[in-house]
Amino acid sequence: MEELDGEPAVTLIPGVNPKKQICFDWGPGEMLVCETAFNKKEKSEMVPGCPFIHIIQKDVDVYSKILRKLFNESHGIFIGLQRIEEELTGKSRKAQLVRVSKNYRSVMRACMEEMHQVAIAAKDQASGRQFSTQVSILSAVELIWNLCEILFIEVAPAGPLLLHLLDWVRLHVCEVDSLLADVLGSGNPSKHESFWNLVTILVLQGRLDEARQMLSREADANPASADMCRILGDLMRTMPILSPGNTQTLTELELKWQHWREECERHLQDNTFAASPALESLCKIMLGDEAALLEQKELLNNWYHFLVTRLLYSHPTVKPIDLHFFAQSSLDMFLGGESSPEPLDNILMAAFEFDIHQVIKECSIALSNWWFVAHLTDLLDHCRLLQSHNLYFGSNMREFLLLEYASGLFAHHSLWQLGVDYFDHCPELGRVSLELHLERIPLNTEQKALKVLRICEQRQMTEQVRSICKILAMKAVRNNRLGSALSWSIRAKDAAFATLVSDRFLRDYCERGCFSDLDLIDNLGPAMMLSDRLTFLGKYREFHRLYGEKRFSEASSLLLSLMTSQIAPRSFWMTLLTDALPLLEQKQVIFSAEQTYELMRCLEDLTSRRLECEEPNAQKLQDDDIETTKVEMLRLALARNLARAIIREGSLEGS
């Protein structure tokens, strides 16, 4: 896409004093946060002193409830379009693409109707004007899309092209329908003040059957003009038009149209309608008289209506290649140098010139969001009209616009989920962009976090999965939800954090004497191997389960292996030795002599290390009554168990 021809427009921020310093920064959701003034506190110190923070949202349209429906509905159409099979060619493919285009337009019109109803029901004038402005924008967008559908997607040839353009004008210049209902609803339609305006508009739009019916009412009410109405009605009835089901060639149509035109000119030269200026004016319009057409500027409303009427009565078999000549001359004649073209005029003119890229460029500048250009460009790309147009910064135009639109969706708290699918269908930069945007989503709730996590897992985004799980694990730890924290750290495969959480579990056990989240610990499975501390936690819980089931021999072997394999943290050895006390006091000998020696070694190793590591003024182990009591009880129990084990083992050997 070419660079802009001029400098971008200056955007004024309400409430900001331009004479003072202004700072800005990018905040969450693509918002520009502006600070205003800096005041001098001392000569060498500058401190912020702004009374307000001005927040400028980049994509405000995503916050409109009605436009949100447009985004949601069009998302489904977009996804369906991406699934069109590449094998479909020719008429079947073209018909599908036209149907997709009409679906987009139907969503636009439904949104426009709802916006119109909201504007009517608005309680204050300001909001009413705001909604009315939005209706006007949507109407213009649908007008542009419809014209692009005719010229680029349907690619209507000469003949049918004019029929499509007539439908285009009739659809978008719809005031005539309410005027028709108003005139017919009166007691005497032919005497209604807008009667002749209505007939003229019907003729300008090529609705000649309806115009004839109105003339028949005039003939019935005014016998003096009955003959003139009948003659003009016959001219309307016999005007040759290429209908969709007609098999006649363009040459046959042109010959018939030329004969019909000569008959209209003869009636005009014979002053057939001289007694009725209104009927004479209608005859001149049907002859394509440009002066007569320009006299109806107020009824035509715009230059493109003037263009289509002019083509209907002067060049009914116009070819697509000649459209831009007639469009430019019609625009010049209609404006007459009194005013300059509006942005909408430039966009429509670019379409009539078959300059797709200029249409997209002008729309990108004029419209407030990327919805229109992103979806239209995608559709045109599926029509294979944009393949040769690559941008200088590494992506084609379709992908660039889809990326911009998806980025805007990510500014919204729920529409970001739609943006994911748009990124998915950008083959070059979509995945990288999606990764960056997913990392910026605020994980306010666990439900939202799970959605983001599922999206990342489906796309094998390993780093993002780990990052999200770590964030959720940290939040769970801060809220003292250790089970949830352990679950997230396992899911993230974060050994260090799993060790940290396992330590918290063990500390809580020491303080409370029981485990929380038993179901989670009991069902760790292979995840237990993620870290040594997690393995110890799982095995220690297994020891308690075996002890509860009175499987003392297995429990004692597991307890001893936890200590001798160095898997248990040394700070937890005293707890393990204390857990061994009930087993040492059992009637039957649980620990063998060798195992008892191992437990004694561990106890002595623990007490000696504590004495070595003590600091001056620190509480000494032997001065602590509780610890001293524990150690003495353990030594006594171990000594007794050792004696019993030696006697038992000796008697077994003797037998």
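**Reading helices and contacts**

Modeller: Let us begin with a single residue, in what is a predicted model. Leaving out residues up to four places away in sequence, Ala 580 touches Leu 559 and Phe 591.

Biologist: In which helix is the place of Ala 580, and does Ala 580 count as buried or exposed?

Modeller: A residue counts as buried when its relative accessible area is under 20%. Ala 580 has 1% relative accessibility and therefore counts as buried. Its place is in helix H28, which covers residues 573-584. The C-alpha atoms of Ala 580 and Phe 591 are separated by 9.5 Å, and the two residues are 11 residues apart along the chain.

Biologist: Leu 559 was one of those contacts. Which residues of H27 are buried?

Modeller: The general idea comes first. An α-helix has 3.6 residues a turn, so residues three or four places apart point the same way. In H27, the buried residues are Phe 552, Ala 555, Ser 556, Leu 558, Leu 559, Leu 560, Leu 562 and Met 563.

Biologist: How many residues does H27 have, and what distance does it reach from its first C-alpha to its last?

Modeller: Helix H27 runs over residues 552-564 and has 13 residues. From first C-alpha to last it reaches 18 Å, close to the 18 Å expected at 1.5 Å a residue. Just after H27, Gln 566 takes a positive phi of about 65°.

Biologist: Which residues of H26 and H27 meet?

Modeller: From H26, Phe 536, Lys 539, Tyr 540, Glu 542, Phe 543, Leu 546 and Tyr 547 take part; they meet Phe 552, Glu 554, Ala 555, Leu 558, Leu 559 and Leu 562 of H27. By class, the residues of this contact comprise 10 nonpolar, no polar and three charged.

Biologist: What is the corresponding reading for H6 and H10?

Modeller: The axes of helix H6 (residues 195-204) and helix H10 (residues 277-286) come within 10 Å and cross at roughly 10°. Angles under 35 degrees count as roughly parallel, so H6 is roughly parallel to H10. Trp 196, Val 199, Thr 200, Val 203 and Leu 204 in H6 meet Ala 278, Leu 279, Leu 282, Ile 285 and Met 286 in H10. The residues of this contact divide into nine nonpolar, one polar and no charged.

Biologist: Where does Ser 194 lie, and which residues does Ser 194 touch?

Modeller: Ser 194 is found in the loop between helix H5 (175-184) and H6. With a relative accessible area of 17%, Ser 194 is buried. Setting aside residues up to four places away in sequence, Ser 194 touches Leu 179 and Val 183.

Biologist: May we close with a glycine? In which helix is Gly 430 found, and which residues is Gly 430 in contact with?

Modeller: Gly 430 belongs to helix H20 (residues 430-439) and is buried, with a relative accessible area of 0%. Apart from neighbours within four places in sequence, Gly 430 is in contact with Glu 399, Leu 403 and Phe 423. The C-alpha atoms of Gly 430 and Phe 400 are separated by 9.5 Å, with the residues 30 residues apart along the chain.

Technical notes
Residues numbered from 1 in each chain as written. Predicted model: local features only at pLDDT ≥ 70, side-chain atom pairs only at ≥ 80, totals over all residues. Heavy atoms only, no water. Axes fitted to C-alpha atoms, helices over the stretch in contact; angles between N-to-C directions. Helix = DSSP H or I, 4+ residues; strand = E, 2+ residues; numbered from the N terminus. Parallel < 35°, antiparallel > 145°, perpendicular 65-115°, else oblique. Contact = heavy atoms within 4.5 Å. Nonpolar A, V, L, I, M, F, W, Y, C, P; charged D, E, K, R; others polar. Expected span 1.5 Å × (residues − 1). Buried < 20%, exposed > 50% of the residue type's maximum accessible area, 1.4 Å probe, protein only.
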